[in-house]
Amino acid sequence: MYRSSTVGRRGGRMLVLIALVEIVLAAGFWLILGDLPEAGDAMRLTAAILGGVGVVLLLAGLLWMRSAAKKDRVSASGVAGTGQIMGLRQTGMTVNDQPQVELDLLVTIPGRSPYRVRIKEIVPLIMLSRLQGTLPVRVDPAEPETVVVQWDQPNVGPAALAGFDLAEIARSGTVLYGAGGLVDGGLGGRGGPGAPSGPGDPGEPGGPGAGVDETLGQVAAMLAAAGGGGAAPVYGAPAQAGYSIEQLRAHLRAHGIAGAARIDRLEDSGRTVGDERLFTMTTTVTIPGRAPFVTGPSAAMVPLEKVGRIAVGVALPVRVAPDNPEMVMFEWDRI
């Protein structure tokens with residue numbers, strides 16, 4: 001069973017073994033052959049070289065084994081989470097023909113906003129197909145930058161992100177464009193799938209106003225501060241306050257049903273967060289195979305450049321969760 005520590009553990013042991021052989025040979029050349037009348041100096045030089053190489057290999061092996069032990073410790077007792085692959089590159093280094101890959105991950109763990117981290121992993125050729133989507137990870141709670149990919153577990157589907165049960169939130173009565181207009185508008189993020197982003201761009205995770213930095217608890221607090229406007233709760237159970245907008249976005253992109261939502265009631269809270277405006281909306285949603293139904297009133301964050309495009313009677317493209325029709329995501333990039 002392959003784990004992140006496998007290469008370090010096996011490679012470290014091999015280096016230590018080779019190092020000990022080198023050191024024993026060095027001692028033999030020095031003690032046994034170093035006094036030869038005609039070749040003593042050459043034998044002692046050879047012994048010094050062998051000994052030096054042996055010491056270097058021994059230190060390298062011990063470092064590899066120490067790193068592997070740390071990864072095993074994090075895998076055993078670290079916080080379970082997910083790492084969404086935002087980018088990757090091959091470093092050019094290989095170990096036994098297995099490439100080392102630098103992964104740019106968006107890490108999500110309970111109780112903390114998602115954050116970006118770069119890690120390097122030796123990835124077996126047979127596992128290269130897994131370098132997409134979202135990986136299961138464990139995080140050292142004392143060092144959040146220490147992230148270990150759990151290669152012995154399958155890639156994470158959107159419905160099981162970071163140990164959260166999104167099916168539970170779908171059943172709870174959550175009306176998501178209270179986290180919903182948020183979802184593809186983000187709290188500042190505007191990009192749908194394939195939308196461009198860059199450093200400082202609101203669509204980039206971790207950038208100013210990026211939606212992935214917000215949790216449902218933060219959205220609920222902002223809505224409460226704005227007076228609520230009669231909106232339904234953003235989440236249905238206290239444990240769901242830690243769900244991130246990025247988790248819900250991924251869930252609806254993967255599983256949502258395409259449809260349209262006509263605005264029946266619209267109220268401006270007067271509050272702006274980053275480059276988004278907080279509204280409460282009541283909508284009539286239409287999706288294939290079901291009669292139109294009313295959702296809301298619920299909170300919705302609207303990108304400032306889209307505010308002029310919304311009004312009572314306007315229909316907006318949406319994605320709707322199949323297991324909770326009131327879980328709705330506005331597709332702002334299509335408006």
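**Salt bridges, cores and a buried glutamate**

Arg-319 has a relative accessibility of 26% and therefore counts as partly exposed, where buried means under 20% relative accessible area, exposed over 50%, and partly exposed in between (1.4 Å probe, protein chains only). The model is predicted, so local features need pLDDT of at least 70 and side-chain atom pairs count only at pLDDT 80 or more, while totals for chains, interfaces and linings use all residues. Residues are numbered from 1 along each chain as its sequence is written, and side-chain values use heavy atoms, with hydrogens and water left out.

The side chain of Arg-319 meets that of Glu-331 in a salt bridge, at 3.6 Å from N to O; the term stands for a side-chain nitrogen of Lys or Arg within 4 Å of a carboxyl oxygen of Asp or Glu. Arg-319 lies in strand 9 (residues 315-321) and Glu-331 in the segment after strand 10 (324-330), so the bridge ties together parts that are 12 residues apart in sequence. Glu-331, at 8% relative accessibility, counts as buried.

The chain as a whole has six helices and 10 strands. Helices (H or I, at least four residues) and strands (E, at least two) are DSSP runs, numbered from the N terminus. Of the 335 residues, 45% count as buried. Contact is taken as heavy atoms within 4.5 Å; among contacts between residues at least 6 apart in sequence, 65% join residues at least 24 apart.

Helix 1 covers residues 6-31. The expected span of a helix is 1.5 Å times one less than its number of residues. For the 26 residues of helix 1 this gives 38 Å, and the end C-alpha atoms are 38 Å apart, which agrees. The buried residues of helix 1 include Gly-8, Gly-11, Gly-12, Leu-15, Val-16, Ala-19, Glu-22 and Ala-26. An α-helix has 3.6 residues a turn, so residues three or four places apart point the same way.

Next come the nonpolar cores, each a set of buried Ala, Val, Leu, Ile, Met, Phe, Trp, Tyr and Cys residues joined through side-chain atoms within 4.5 Å. The largest has 22 residues, of which Leu-103, Leu-105, Val-107, Val-147 and Trp-151 touch the most other members. Two or more residues come to this core from each of strand 1 (79-95), strand 2 (98-108), strand 3 (115-122), strand 4 (134-140) and strand 5 (143-149). A second, separate core of 17 residues includes Ala-261, Met-281, Ala-300 and Val-328. Leaving aside neighbours within four places in sequence, the contacts of Leu-103 include Leu-88, Val-117, Ile-119, Glu-121, Leu-135 and Val-149.

Beyond neighbours within four places in sequence, Tyr-115 is in contact with Leu-105, Leu-106, Val-107, Val-139, Pro-144, Glu-145 and Val-147. Tyr-115 and Glu-145 are 30 residues apart in sequence, yet their C-alpha atoms are 9.3 Å apart in space. A polar atom of the Tyr-115 side chain lies 2.6 Å from the backbone oxygen of Pro-144.

Glu-121 also has its place in strand 3. The side chain of Glu-121 does make a polar contact of 3.1 Å with that of Trp-151. A polar contact is a pair of N or O atoms within 3.5 Å; within protein, one must be able to donate a hydrogen and the other to accept it, and residues adjacent in sequence count only if both atoms are side-chain atoms.

The structure holds 11 salt bridges. Asp-104 forms one with Arg-116, the closest N and O atoms being 2.8 Å apart. This pair links distant parts of the chain, with Asp-104 in strand 2 and Arg-116 in strand 3, 12 residues apart. Asp-104 counts as buried at 8% relative accessibility, whereas Arg-116, at 29%, counts as partly exposed. Asp-104 also meets Arg-118 in a salt bridge of 3.9 Å, N to O. Since Arg-118 lies in strand 3 and Asp-104 in strand 2, this second pair ties together parts 14 residues apart in sequence. Arg-118 is exposed, with a relative accessible area of 56%. Salt bridges link Arg-89, Glu-102, Asp-104, Arg-116 and Arg-118 in a network.
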